[in-house]
Amino acid sequence: MNNLNTSEQIKALRRAKGLSQESLAENARINLRTLQRIEAGDTIPRGETLRLLAQALDVPVETLVPAQVQVEDTSFLKTLNLSALSFWLLPLGGVLVPLVLWLYNRQRVAGVNELGKRILNFQITWAIIVYSFVLIIMFGLMSGRFFFHPFLMAGFGLLMAVVNTAVILTTHFRLVRGEGDYYGMGLKIIQ
């Protein structure tokens, strides 16, 4: 029954239990007209009404709510991937922007949950490495002691940004060709 919508689900469960609309409405302590509108698909039960109906039908509330259908949207996968380039504009933008897009769309768009996890794991790993070097440079500047020459460290930071950009763009072109992503490396922070 999971592929039925809520109104069909309620009607099917009511009939399977041999209940009339009147008796279900009475057992659920809701108005008969409300139940008729729900079963006709004119209104969607929410909150307390949904809970009361589930209780009267002796089923978990989740049974009455259809599984959310994920849409196929490869353009959103590309957008999610390219959003990691925001690290060029915002500190930690390569993590925060994809995180917001991932959290909002991971249940709605097919493929976003897994790709988003790989992007975020890669970007978090990259941020830890790069910002660790930035802290080392700042510590060196404040203390006057450098572990490596500051220009060498700055060059390494720029090289890391170029590598990150290359991974993002490579993944973009792989997604365009339908080959999947290129985010095999990175700490497994988000499971």
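Read along the sequence, the chain runs α-α-α-α-α-α-α-α-α. The chain has 9 helices and 0 strands; helices (H or I, at least four residues) and strands (E, at least two) are DSSP runs, numbered from the N terminus. The chain is more spread out than a compact globule, because its radius of gyration is 26 Å, well over the 16 Å that the globule rule gives for 191 residues. That radius is taken over C-alpha atoms, and the rule is 2.2 Å times the number of residues to the power 0.38.

This is a predicted model, in which local features need pLDDT of at least 70 and side-chain atom pairs count only at pLDDT 80 or more, while totals for chains, interfaces and linings use all residues. Residues are numbered from 1 along each chain as its sequence is written, and side-chain values use heavy atoms, with hydrogens and water left out.

The table lists values for the chain as a whole.

| Property | Value |
|---|---|
| Box filled by the C-alpha atoms, along the principal axes | roughly 80 × 40 × 25 Å |
| Buried residues (under 20% relative accessible area, 1.4 Å probe, protein chains only) | 35% of the 191 residues |
| Residues 24 or more positions apart, as a share of contacts (heavy atoms within 4.5 Å) with a separation of 6 or more | 60% |
| Accessible surface (Shrake-Rupley method, 1.4 Å probe) | about 11,500 Å², 62% of it from carbon and sulfur atoms |

The structure holds 2 cavities of 30 Å³ or more. A cavity is a set of points on a 1 Å grid over the protein atoms alone where a 1.4 Å probe fits but cannot get out, and lining residues have an atom within 4 Å of a point. The volume is the space filled by probe spheres set on the points, which are joined across faces, edges and corners.

The second largest cavity has about 30 Å³ of space. Its lining consists of Phe87, Leu92, Gly93, Gly94, Val95, Gln123, Trp126, Ala127 and Tyr131. Helix H7 (93–105) and H8 each supply at least two of the lining residues, and the largest share, 4 residues, comes from H8. By class, the lining has 6 nonpolar, 3 polar and no charged residues, with Gly counted as polar.

Helix H8 (residues 112–143) also contains Lys117. Is Lys117 buried or exposed? Lys117 counts as buried because its relative accessibility is 16%. Leaving aside neighbours within four places in sequence, Lys117 is in contact with Trp102, Ile190 and Gln191.

Note on methods
Buried means under 20% relative accessible area, exposed over 50%, partly exposed in between (1.4 Å probe, protein chains only). On a 1 Å grid over the protein atoms alone, a cavity is a set of points where a 1.4 Å probe fits but cannot get out, and a pocket is an open set with protein on both sides within 12 Å along at least five of seven lines; lining residues have an atom within 4 Å of a point.
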